[in-house]
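Here is a short report for a reader new to this structure. Look at the sequence and the model first, then read on.

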Amino acid sequence: MERIDQSPVKYAVHRDVLDELGLEEVAQKGTWSIKPTVGDKVKESLRCSVPSLKHILLTWIPILSWLPKYSFRENILGDVVSGCSVGIMHLPQGMAYALLASLGPVYGLYTSLFPVLVYVIFGTSRHVSIGTFAVISIMVGSVTERLAPDEAFYFNGTNGSLTVNIDARDAYRVQMACSVTLLSGIFQILLGVVRFGFVATYLSEPLVRGYTTGAACHVCVSQLKYLFGVKPARFTGPFSLIYTIVEICRLLPQTRVPELVVSLVALAVLIVVKEINACYSKKLPLPVPIELIVVIGATIIIHFCGVREDYLIDVVGEIPSGFKAPRTPDITFFSQLIGDAIAVAIVSYAITISLGKTFGLKYGYKVDSNQELIAVGLSNTIGSFFQCYAVTASLSRSLVQESTGGNTQIAGVVSSLLMLIMVIKIGSLFEDLPKAVLSTIVFVNLKGMFRQFMDVPLLWKTNKVDLLVWLVTFISTVLFNLDLGLALSVGFSMLTLIFKTQLPHYSILGNVPSTDLYLDTEAFRQVNEIPGIKIFRSSATICFTNAELFLEALQQRSGLDVRKLQMEKKKRAKQEKMAKKEKGLLDHPCNSTSSSKVSELNKEKNLSMHKDVAIFLTNTSSNGFGHVNSAYQYDATTSEIDSGCHSENNLTPILYEDEKDGRTCMSVTHSIILDISTTGFVDTVTVKMLKNIFGDFADVDVDIYLAGCQACVVEQLEKAAFFESIPKTRLFVTVHDAVLHILRKLGQTDIIFDASCDTQM
């Protein structure tokens with residue numbers, strides 16, 4: 001094995017100190033590319049040609065780009081095996097999740113067929129499995145139960161008791177489910193057409209995981225009635241989950257023992273076999289389809305052993321064979337479903353794109369966020385005409401599709417064909433399947449979402465802001481239901497983003513000895529502040545939301561209260577004016593006898609003024625307003641303003657005078673460098689604030705310099721006429737260039753650098 005030299009690499013840079021004008025000259029700034037105007041872009045988009053038409057077709061119908069290149073030899077076996085495995089999962093999950101949506105099991109089978117075929121054509125992910133999902137099912141169920149409750153379908157039975165018209169209720173709920181699915185699909189298509197896929201970036205991973213965990217709690221509670229065989233009252237609105245749990249606890253004495261036994265047996269079998277699948281996943285060619293086995297076994301036992309009639313176990317009931325004719329959903333309900341449809345659209349898209357991006361990064365292909373919006377939207381829109389409800393990607397089925405060798409969405413075609421056979425021929429065989437078994441399937445499949453509780457200790461160690469987003473999302477979803485919980489969690493996530501821009505980290509930078517590196521003086525011990533120069537940096541982009549905070553932090557961290565320094569300067573100017581008047585009196589012949597007294601009085605006033613300013617600066621330093629450099633110590637024995645304050649041995653922190661400009665300053669700091677390399681854009685408020693900083697600090701004889709400004713920011717400053725009042729010679733390429741310029745200007749390059757201004761590392 002070749003030995004690698006671990007000695008540090010050194011390099012030397014020899015160049016001139018560059019301000020913005022120097023950089024433009026060296027780099028030959030110019031307009032080398034002409035950006036097309038809006039009119040040109042419109043003309044180009046309307047221009048019809050064969051290449052543009054081909055590009056549009058391949059973009060909007062992705063199957064045309066990958067299907068002609070499909071390799072049967074490499075992919076067909078894995079896709080067929082994967083499709084069969086996923087299709088076997090679709091059957092029990094489709095029927096189980098349909099109960100969550102308060103629909104008949106057959107509608108879950110429809111939802112596992114038609115939307116999958118649509119996604120195969122328009123989707124860009126190769127591995128996600130579209131279809132029924134617990135979270136989306138419970139969201140649709142909340143709509144159907146709210147708008148079509150049992151109480152609305154009571155009628156007088158034969159013995160005078162109130163009975164629910166189940167057929168009418170179920171038909172109305174199907175209409176509600178199809179309508180909310182159509183509306184959510186339209187929202188998704190419209191957002192995809194206007195290229196609004198970037199909205200997914202605002203649904204952070206902690207938010208999505210906290211929301212799905214909270215939704216899993218709703219799913220879990222909704223299935224308890226099937227496990228215990230009780231019929232709790234239905235609650236809506238905030239805290240409905242809490243009320244439902246209390247109601248179920250009240251009804252526990254009425255638990256139906258046969259259904260509880262069926263639930264516990266099915267639950268035990270599912271958990272044991274799924275754990276075996278997980279432990280031996282690498283050794284098993286295919287995971288044991290325990291869900292399908294449990295469904296078939298429970299149906300056979302209930303049907304042939306006469307348990308249904310003896311113990312009155314609640315079963316799935318009639319499952320019609322074949323398909324119903326397509327029907328347009330009722331759009332008259334749209335006004336009542338807008339809020340629910342938006343929530344369903346956002347959540348279904350967020351889950352799909354997060355899974356799609358995960359597999360895309362793992363296998364090295366691109367998942368188009370805008371096209372995914374359109375694909376999921378079309379799946380929902382077209383599916384709603386075939387009595388399907390809203391779909392999204394399923395984590396469990398997607399993992400099976402990937403782990404069993406699925407490489408493309410041909411696996412989705414195979415699973416759809418399998419579901420087609422089940423709906424036409426096999427579906428009616430499961431009419432004696434107990435609902436309690438379907439509930440246990442839902443419970444077991446929630447395991448992955450409940451594992452997300454482990455995010456809490458991890459986020460506690462890594463990022464407490466993300467932890468707060470996770471907790472707020474989870475609590476609001478559990479307490480205030482899925483729609484309102486989503487709105488509150490998104491709003492809170494936006495607030496954390498605003499607070500991050502409002503509360504950036506401000507730092508004073510110091511030089512790493514013998515380098516051109518500048519680091520935070522509070523975070524690194526071996527960095528030194530340059531005497532008389534404050535280098536200030538904000539960790540966030542400076543904009544209208546934090547411009548005022550930036551100015552306040554600058555004064556605090558630099559130790560310069562501009563307003564007080566301006567007042568002190570005016571006070572000193574007034575005292576100098578009075579001294580000149582007194583000097584004029586001294587020059588008068590009549591006042592020659594009192595010249596010694598006036599001179600003594602003048603010295604006392606001057607010394608008193610110096611002491612006042614020294615006390616003021618000492619107080620600001622002690623209050624945390626920056627650091628007073630030990631190189632700048634005021635000599636109380638000096639009564640005159642030191643004209644040579646920039647020399648090596650006689651530096652005055654309070655009052656100094658620039659030899660070139662003849663200025664005086666009442667501060668330990670004579671120059672401030674603003675490192676704005678973290679700023680990605682500037683607005684009008686920022687430009688105005690920067691102009692005020694230059695003007696205000698100039699009043700107290702402190703020079704302001706900018707460093708590390710990005711090219712786009714320089715362009716924005718030029719458009720805002722910033723450089724009409726501030727010369728570009730105050731803008732430097734790096735902090736190091738600005739420091740070297742200041743020290744050379746003051747003749748102090750020998751403080752930390754050699755006179756040649758070369759940087760050696």
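How far apart do the end C-alpha atoms of residues 97–122 lie, and what share of the span is helix? They lie 25 Å apart, and the span is 77% helix and 0% strand. Keep in mind that this is a predicted model.

The span comes from a record. An unreviewed UniProt entry lists residues 97–122 as "transmembrane region", along with 128–148, 182–203, 292–313, 333–352, 373–395, 407–424 and 474–499. Take residues 474–499 next. This stretch is 100% helix and 0% strand, with its end C-alpha atoms 21 Å apart.

## Helix H9 and a surface patch

Helix H9 covers residues 166–193. H9 has 28 residues and reaches 40 Å from its first C-alpha to its last. That is close to the 40 Å expected at 1.5 Å a residue. Just after H9, Arg195 takes a positive phi of about 60 degrees.

A nonpolar patch lies on the surface. Its residues are Ile56, Trp60, Leu191, Val193, Val194, Phe196, Phe198, Tyr202 and Leu497. Together they have about 770 Å² of accessible area. Helices H3 (50–60) and H9 each give two or more residues to the patch. Leu191 is found in H9. Its relative accessibility is 31%, so Leu191 counts as partly exposed.

## Salt bridges

How many salt bridges does the structure hold? The count is 23. One of them pairs Arg173 with Asp150, at 3.3 Å from N to O. Arg173 is in helix H9, while Asp150 is in the loop between helix H8 (134–147) and strand S3 (154–156), 23 residues apart. Arg173 is buried, at 7% relative accessible area. Asp150 is partly exposed, at 28%. Both belong to a network of salt bridges that also links Arg169 and Asp170.

Glu402 and Lys362 meet in another salt bridge, at 2.6 Å from N to O. Glu402 lies in helix H17 (395–403) and Lys362 in helix H15 (334–363), so the pair ties together parts 40 residues apart in sequence. Glu402 counts as buried, at 12% relative accessibility. Lys362 is exposed, at 55%.

Asp701 and Lys569 also form a salt bridge, at 3.6 Å from N to O. This pair links distant parts of the chain, 132 residues apart. Asp701 sits in the loop between helix H26 (684–699) and strand S12 (703–707), and Lys569 in helix H24 (562–587). Asp701 is buried, at 6% relative accessibility. Lys569 is partly exposed, at 26%.

## Positive phi in two loops

Most residues other than glycine have a negative phi. Phe239 has a positive phi of about 65 degrees although it is not a glycine. Phe239 lies in the loop between helix H10 (205–228) and helix H11 (240–251). With 36% relative accessibility, Phe239 counts as partly exposed.

Gln387 is not a glycine either, and has a positive phi of about 60 degrees. Its place is in the loop between helix H16 (369–384) and strand S5 (392–394). Is Gln387 buried or exposed? At 4% relative accessibility, Gln387 counts as buried.

## Cysteines

The structure holds zero disulfides. For Cys388, the nearest cysteine sulfur is that of Cys178, 7.4 Å away. Cys388 is buried, with a relative accessible area of 1%.

Cys712 is in no disulfide either. The nearest cysteine sulfur, that of Cys709, is 7.8 Å away. Cys712 is partly exposed, with a relative accessible area of 34%.

Note on methods:
Residues are numbered from 1 along each chain as its sequence is written. This is a predicted model: local features need pLDDT of at least 70, side-chain atom pairs count only at pLDDT 80 or more; totals for chains, interfaces and linings use all residues. Side-chain values use heavy atoms; hydrogens and water are left out. A disulfide is a pair of cysteine sulfur atoms within 2.5 Å. Buried means under 20% relative accessible area, exposed over 50%, partly exposed in between (1.4 Å probe, protein chains only). Patches are made of residues with over 30% relative accessible area and no salt bridge: like charges are joined within 9 Å, nonpolar side chains (Val, Leu, Ile, Met, Phe, Trp, Tyr) within 5 Å. Accessible areas come from the Shrake-Rupley method with a 1.4 Å probe; for residues, only the protein chains shown count as cover. A salt bridge is a side-chain nitrogen of Lys or Arg within 4 Å of a carboxyl oxygen of Asp or Glu. Helices (H or I, at least four residues) and strands (E, at least two) are DSSP runs, numbered from the N terminus. UniProt positions are given in the numbering used here, feature names are shortened, and annotations may be inferred rather than shown by experiment. The expected span of a helix is 1.5 Å times one less than its number of residues.
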